[in-house]
Amino acid sequence: MGERAAATDRGGRAGAQTGRADAGARGRLTEVASTYGLAVVFVLVMIVFGLLRPDSFFRAMNINTVLVGQSVTALLALAEMVPLATRQFDLSVGFHLGMAQVLIIGLQVQNGLPWPVAAAIVLAVAVLVGFANGLLVTRFGIDSFIATMGVGTLLYGISNWYSGGAQITGSDLPASFTGLSNVVWHIPLPALYVALAAVGLWVVTERLPVGRSLYVIGASPRAAALLGIRTTRYVTGAFITSGVLSGIAGILLGSILETGTPSVGPEYLLPAFASTLLGATSIHPGRVNVVGTLLAVLILAFSFSGVQQLGAAFYVQYFFNGGILIVAVGLSVYAAARRRAVAATGAAGDAAAAGDAP
Amino acid sequence: MTTPGSPALLEIRGLTKRFGATLALDHVDLTVAAGQIHALVGENGAGKSTLIKILAGVHAQDAGEIRLLGEPVAAQVGHLPISFVHQDLGLVDELSVGENVALVAGFPRRRGLIDWPCVWQRAREIYAGMGVEPPDARAPVGTLPAAGKAVLGIVRALSRQARVVVLDEPTAALPEPDALHLFDILRRLRAAGCGVIYVTHRLGELFGLADRVTVLRDGRRIRTATMSEIGPEELVQDMLGRAVEMLHQHHAPATASARHTGLQVSGLHCAGVGPVDFRVETGEIVGLVGLRGAGQERIGRAVFGAVPVQGGELRLEGVVLPPGDGIADRIARGIALLPADRPLESVLTGLSVQENLLPHPVIGGGGVWLFGAPGRERARAAAILQQLDVRPRDPALLIDWLSGGNQQKVFVARWLQSKARLYVMEEPTAGIDIGAKLAIHRLLGSVAEAGAAILVISSDFDEVASLCDRALVVGRGRILGELRGAALTVDNLVARASLGSRHAPAPVAAGEVRHG
C-alpha cells in the first residue's frame, strides 16, 4: 500500500515535470508563431492576390499607388505607436493630420507664405499639440483617451474655423512642394519618408535607453518610477513625438492632395490605430513595435487593393478596417491570455520542482 | 463586571473550526459583558480572525455555540446585532460621509426615492451620539484624514445600534495621537453599555484601555485575565508559548573589518514618521522592523527619495543628501531600493527577463546606446542568470514565466548592477521558496562584505534575526529600540514590536540598547 502510494507519488512528480516541459514547448511554439505571424500573412497576401490577378497586382503602378496612398496611414500608425508604448492612447492624431493638411495648403494659398515656412509653422504647432496632450495626461491626470479625444475635437474646430469649412484649393503650389510626393527613380518619395521615420523610431525603441524606458513605463508606471525613470517627461515626450509625426503626415497629405480639406483626417485614425494594434501581435508579441506596425500597414493596404481588384465595392473598405481592428485586438488579447496561461503552468511547474528539491 | 445571575452580553462556548487538517479553533471560550472592552491577542495564525469571521457569519463553526444575552444564536452575515470594524474599514472614498454611513445603516426613503436631507441629518446624529464633532456629511470620504476615516468606520458600525462591536486592528495605520482619539471613542462605547472585542498586535496600548484580555495560540485559548492582573511579559510569553528566548542562534558574525558610517539619518521627519535617528555602517546589514504600518517602509522610501522629507538630515558616507532629490538623483548618488510589492512595483510584465534585468541605464551603466550591442547585452544578462542560478536560464523569456523566487533573484540582481553604496531591501524574500531565500541571503551577505551598507526592511522576524547584524524596532513612526548580538532573536523582536514604547519592559538581554 505504502509502496503503491510512493509509486503514484513518483508518477505524479514525473507527470509534473513532463507537464512543465510540454508547457515550455507549447509556449515557445506560441512565441515563434506569433513572432513571425504577420510576416507570413504578408507573404500569403502577396502570393494569393498575385495568383488571382497576376496581370495587375504586381504592376509597378499598383504597388506605387498603394505605397503612396498608405504612406500617410503608415506615418500616423508610427505616430500612434509611440504613446501606445507607454500605454497611453492618442486619439488626436487623425484630427491633427487634418489640421496640418489644411494649414500647409492654407498658409501658402491664403497667407502667401513659402512652403518651408508654412511647414515650419505646422511642425511648431504639432509640438504644441503634443505638449498639450502630454500636459493634460501627466500633470492634470486626465485619462489619455478623454484628453486626446478632447484635444482632437478642438483641432477639428480649428481647421474648420481657419478654412471657413470650405475646401482650400491649392492653385499655383510650387513644384518643390507638390514634388514631395513624386515618384523618383521608381521610388515613391512618401515611402522613403516612412522608411526614414521607421528606421529612426526603430533605433530609438530597440537600441536606445529612451525606448526601453517607454516600454518599461508601459509595463508598469509604478515600477518605472521606482527605477528612477522620470515618467512624466517620457510620456510628454511620447505625445510630442506623436504630434510631430502627425504634422509631417499632414504636410505629406497636403502635397499629395494639393488641396486643404477640413473634413479630411478623422477617417485616418482607425486604420492607423488598427495597424499599430495589429502590429503589436507580432515581432515583439504583446507590445507595439515598428516592424510589426509597418507589416500591418502593408498587409491592410495590399489585401484591400487586392480585394478592390477582385471587384469589391467602395464601402467594403469600412468592413475591412473595422473587421481587422476587432480581429487584431482579439488576436492580441488571445495571445496575451495564452502567454499568461502558459506562464502560470510554467511557474507552477517551477514551484513543484523547487518543492521536490530536498 | 457582570453581576452574577444576569447573562453576559456575548458568550462563546467551545467554538471549534477545522480547515482541512488544521484545527484553526479548538474549543475556545470567550465572554464579553456589557460595558467591557475585551482584548483578543495572539500571533498571526493564532485563530483571532477565524473567531471573528465566525461571529460575522463568514464561516460556520464545526462545534460550539454563541449566545447573545443568554439566547443561543446562529451567526449569519449581518443578522446578529454585532458590528465589525475591519482594518481596511471598507469605506468608499468617492462617496460622501453621509452615503458611507447610509451604506451600512440603510438609505432613508420617501415614496421610494432616497430622502437626501435625512441622509445628511442621520450622519450628523450618529456622530453627535458618540460625542464626536461631525465632519461635513457631504464631503467625500477621500478628503478625510486617516484618523477621520477610522472614526467614520467605527461611528458607522455603531449606526446599526449594535450591542457588541468588534474592532480588528483599527489602529494599525494610525499615528499615536489619532490612536489616542480612537481610544476615547472606545471608552465612550463602554460607558454606553456596549461590549467591545478589540483585536490588536500592539500589546502596549491595551494597558489602561482594555478590561480583560484573552490570549489565543494555535487555535486554543491560553488565558483569560483581567488586564490589571497581568503584566506585559506574561502576555508575550502566553502568545509565544514559551519563556522568551534570550539566545541568538542563527546569526553569523559580520566579517567586514574597516567599517565607517554608510548611511546616517538624523532627525528625519516625513508623513507620520519621526524624528528618527540611526546609522548604518558600511559592510553592515541592519534590519528595520515593526508591525504593519509602524512606519519602517516610509523611512526606507524617504532615504530613497520616493517619499517627501519634511525635516532632518541624511548623509551617505559623510556626504549630505539634498532634501529635494528625486529617485533618479538618489540612485545616481548610490542608493538602491528593492520594493516590497513585487507584482506591482518590480515586475515589468510583458518584457523579457533581460529587459527586466537591465531596465534602465541609470542603474546598469551604459551610455547613449543601450548596454552596447544587442549581443553584448544578452551575454551580460545570461552571465547574471548563470551566476544567480535563475531558472530557466533564458534571457529572452518573458518575466511572467518565472516563479516568484526566480523573479525576485532577477530583481535583486537588477539593483546589484547599480553598484550602490546603500541598498534598501524591502521584504527581500517575501513569498518565495526556501532555496531562493537562502540564495538571496547569501548574496546580500557578500554584498555587505564587499563594503556596501544594507538596510533590510522586513516584517519577517525570522529573516531579520538570521540575516541582520543589528535590528532597529520601529513603532508609530519612531525607533523604539535596538537589538544586536545575542539579543537579536525572533522572540525579542516580537516582544519589542508588539509592546510598543510606553510599555516596553521587554526582557532585557545582554547587548540590548535602548533609545529614548
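Okay, some housekeeping. Residues are numbered from 1 along each chain as its sequence is written, and chains are lettered from A and ligands numbered from 1 in the order in which they are written. Since this is a predicted model, local features need pLDDT of at least 70 and side-chain atom pairs count only at pLDDT 80 or more, while totals for chains, interfaces and linings use all residues; side-chain values use heavy atoms, with hydrogens and water left out.

Let's start with chain B as a whole. Of the 516 residues in chain B, 55% are buried. Buried means under 20% relative accessible area, exposed means over 50%, and partly exposed is in between, using a 1.4 Å probe and protein chains only. Chain B exposes about 21000 Å², with carbon and sulfur atoms supplying 52% of that; the areas come from the Shrake-Rupley method with a 1.4 Å probe, and for residues only the protein chains shown count as cover. Now contacts, meaning heavy atoms within 4.5 Å. Take the contacts in chain B with a separation of 6 or more: 66% of them are between residues 24 or more positions apart.

Next, find strand 20 of chain B, residues 453-457. How many of its five residues are buried? Five of the five. Ala453(B), Leu455(B) and Ile457(B) sit on one side, Ile454(B) and Val456(B) on the other, and both faces are covered.

Who are the neighbours of strand 20? Two strands pair if DSSP finds at least two bridges between them. Strand 15 of chain B, residues 285-289, runs parallel to strand 20 and is joined to it by four bridges, with Ile285(B) partnering Ile454(B). Strand 19 of chain B, residues 422-426, is also parallel to strand 20, through five bridges, and there Glu426(B) stands opposite Ile457(B).

Strand 19 is mostly covered too, with five of its five residues buried. Leu422(B), Val424(B) and Glu426(B) point one way, Tyr423(B) and Met425(B) the other. Strand 19 also pairs in the parallel sense with strand 18 of chain B, residues 335-338, over four bridges, and Leu337(B) faces Val424(B) there.

Now for an antiparallel example. Chain B has an open sheet of four strands in the order 2-1-4-5. Strand 2 (22-32) and strand 5 (71-73) are at the edges with a single partner strand each, so one side of each has no neighbour in the sheet. From one strand to the next, the twist averages 30°. Strand 1, residues 10-19, and strand 4, residues 63-68, share five bridges, one of the pairs being Leu10(B) with Leu68(B). Helix 1 of chain B, residues 48-55, packs on this sheet, touching strands 1, 2 and 4, and its direction makes about 115° with that of strand 1. For angles, axes are lines fitted to C-alpha atoms, for helices over the stretch in contact, and the values run from 0 to 180 degrees between N-to-C directions.

Is Leu268(B) buried or exposed? Buried, with a relative accessible area of 0%. Beyond four places away in sequence, Leu268(B) touches residues including Val273(B), Pro275(B), Ile299(B), Val309(B) and Leu314(B).

What about disulfides, pairs of cysteine sulfur atoms within 2.5 Å? A search over all chains finds zero. Cys194(B) is buried at 10%, and Cys270(B) at 1%.

Last stop, chain A. Helix 11, residues 266-279, should span 20 Å and its end C-alpha atoms are 21 Å apart, which agrees; the expected span is 1.5 Å times one less than the number of residues. In helix 11 of chain A, 10 of the 14 residues are buried, among them Tyr268(A), Phe273(A) and Leu278(A).

Definitions and conventions
Helices (H or I, at least four residues) and strands (E, at least two) are DSSP runs, numbered from the N terminus. A disulfide is a pair of cysteine sulfur atoms within 2.5 Å.
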